[in-house]
Amino acid sequence: MRGRKGKLPEVPDVQLAEEKKLIIERPRPIKGEESHLECGHPQQERWLVINRKVYDISQFHRQHPGGSRVISHYAGQDATDAFVAFHPDKALVRKYMTPLLIGELAPDQPSIEPHKNVSKLLVQDFRELRATVEKMGLLKPNGLFFFLYFLHILLLEAVSWIILWYFGVSPVPFIISAVLTATAMVQNGFLQHDLGHLSVFSKPKWNHLGSHFVMGFLQGGSTSWWKHLHNQHHAKPNCFRKDPDLNMHPLLFALGKKLSVELGRKKKKFMPYNHQHKYYFISEYVHVLSAWAGSGSVTVLCVCLYRVLQSTWFTWVSQMNHIPMNIDYDKNMDWFTTQLQGTCNVHPSPFNDWFTGHLNFQIEHHLFPTMPRHNYWKVVPLVKSLCTKHGIEYQCKSLITAFADIVRSLKESGELWLDAYLHK
């Protein structure tokens, strides 16, 4: 291993090379257990590899702009493809990485961890695909697309208020106004999602400012909170204890075949999981309806109605691409395989694209998280071709089937839990 002067610990070169060798031979941190690593133990070291260079993030992870957990999830692993996927301005980021560099992999060390269940050719082919995408300009946003999109949100908001102002709060205009308001808020959420992924403006700074405006001012949420959670989801989708979207397991739901059986064998029961496919339908409404019941006012009823519509819309769209897919612990697979195992697509159409905020192209979105949504359809043939070449399933289904698969998968995992709970 080649070190950097003044950056390396005072240990013999041979011993240092052997310590660095652990980086690519184990999917674990250099010292201690992974759980200790994520807890931020003061004496715990966190090293990762990017383009064969070894970086010590033991202290930096706390200042990482994308959140401390998302970078820590790659401790002890090769994070090259994740780094490329998340950072559009790599030249700027590398300036901040220089002080973290502690050396390089030895010439005889492979770039990919030997234990990884991954094809070296697949990694190479995906990186060539990434280069092709960049050359085609598919990572460059179309300002007119997003300007018109924002105008249509404003139009929905304006019409909803005009209806109430002109027709009053009688039942029909009341319901129409609530539907339009919920639609505007959902589309606002999709726009915030685009801004959070740095895909609306060419400069990250403007994306950050836009995200704060839409998420904070229009949505009433926290941009930092969303970013730190969502980045983890993209880094390790459907990886238990690394994807925050799975935090509802096991307190509310039993998710995934393996995790549900494991939960049953441990005789753990926080909820009647064998009925989770039923209470899923009401889980997102309880807090909203209880707020109205405690008030009874027309204004609160209006807010609650649009919140119920918004929650229903968001919950089903956000879960249809992931809950039916493979859910497991992190297996430290390559970027392409990780994303394909945890995501699926919904057939494109003008309505599906609008209704889901183009999240029906979930596979392409996860492979290229900074790609503007209007370019997803252009990269689909290239991704499908790569899947065919390497025998990887590319799942694409109808919108109704995607919704039904949420219920089906919850029912299946609940039954697996019950069987393990009673008989294993």
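Visitor: Which residues of H15 are buried?

Guide: Helices here (H or I, at least four residues) and strands (E, at least two) are DSSP runs, numbered from the N terminus, while buried means under 20% relative accessible area, exposed over 50%, and partly exposed in between, with a 1.4 Å probe and protein chains only. Helix H15 covers residues 335–342, and because 7 of its 8 residues are buried, the helix is largely enclosed by the rest of the structure. The buried residues in H15 are Trp335, Phe336, Thr337, Thr338, Gln339, Leu340 and Gly342.

Visitor: What should I know about the model itself before going on?

Guide: This is a predicted model, in which local features need pLDDT of at least 70 and side-chain atom pairs count only at pLDDT 80 or more, whereas totals for chains, interfaces and linings use all residues. Residues are numbered from 1 along each chain as its sequence is written, and side-chain values use heavy atoms, with hydrogens and water left out.

Visitor: How many helices and strands are there in the chain?

Guide: The chain has 424 residues, of which 50% count as buried. Counting its DSSP runs gives 19 helices and 5 strands.

Visitor: What covers the buried residues of H15?

Guide: Cover is judged here by contact, which means heavy atoms within 4.5 Å. The elements that cover the buried residues of H15 include helix H4 (80–86), helix H6 (120–135), helix H10 (223–235), helix H17 (362–367) and helix H18 (376–390).

Visitor: Which residue of S2 is the bridge partner of Trp47?

Guide: Two strands pair if DSSP finds at least two bridges between them, and strand S1 pairs with strand S2 (residues 53–56) in the antiparallel sense over 4 bridges. In strand S1 (residues 47–50), Trp47 and Val49 point one way while Leu48 and Ile50 point the other way, and all are buried. Across the pairing, the partner of Trp47 in S2 is Asp56.

Visitor: Is Tyr273 buried or exposed, and what is its relative accessible area?

Guide: Tyr273 lies in the loop between helix H11 (257–265) and helix H12 (276–283). Leaving out residues up to four places away in sequence, Tyr273 touches several others, among them Pro250, Phe253, Tyr279 and Trp417. Tyr273 counts as buried because its relative accessible area is 0%.

Visitor: What is omega for the peptide bond from His249 to Pro250?

Guide: Pro250, one of the residues that Tyr273 touches, is found in the loop between H10 and H11. The peptide bond from His249 to Pro250 is cis, with omega near 5 degrees.

Visitor: How far apart in sequence are the parts that Arg127 and Asp81 tie together?

Guide: A salt bridge is a side-chain nitrogen of Lys or Arg within 4 Å of a carboxyl oxygen of Asp or Glu, and the side chains of Arg127 and Asp81 meet in one at 2.9 Å, N to O. Because Arg127 lies in helix H6 and Asp81 in helix H4, the pair ties together parts that are 46 residues apart in sequence.

Visitor: With which residue does Arg373 form a salt bridge?

Guide: The closest N and O atoms of this pair are 2.6 Å apart, and the pair links distant parts of the chain, with Arg373 in the loop between H17 and H18 and its partner in helix H8, 179 residues apart. Both residues are buried, and the partner of Arg373 is Asp194.

Visitor: Is Asp330 buried or partly exposed?

Guide: Asp330 forms a salt bridge with Lys236, the closest N and O atoms being 3.2 Å apart. Lys236 lies in the loop between H10 and H11 and Asp330 in the loop between H14 and H15, so the pair ties together parts that are 94 residues apart in sequence. Lys236 counts as buried because its relative accessibility is 2%, whereas at 21% Asp330 counts as partly exposed.

Visitor: How many disulfides does a search of the whole structure find?

Guide: A disulfide is taken to be a pair of cysteine sulfur atoms within 2.5 Å. Cys239 is buried, with a relative accessible area of 8%, and Cys387 is buried too, at 1%. For the whole structure, the number of disulfides found is 0.
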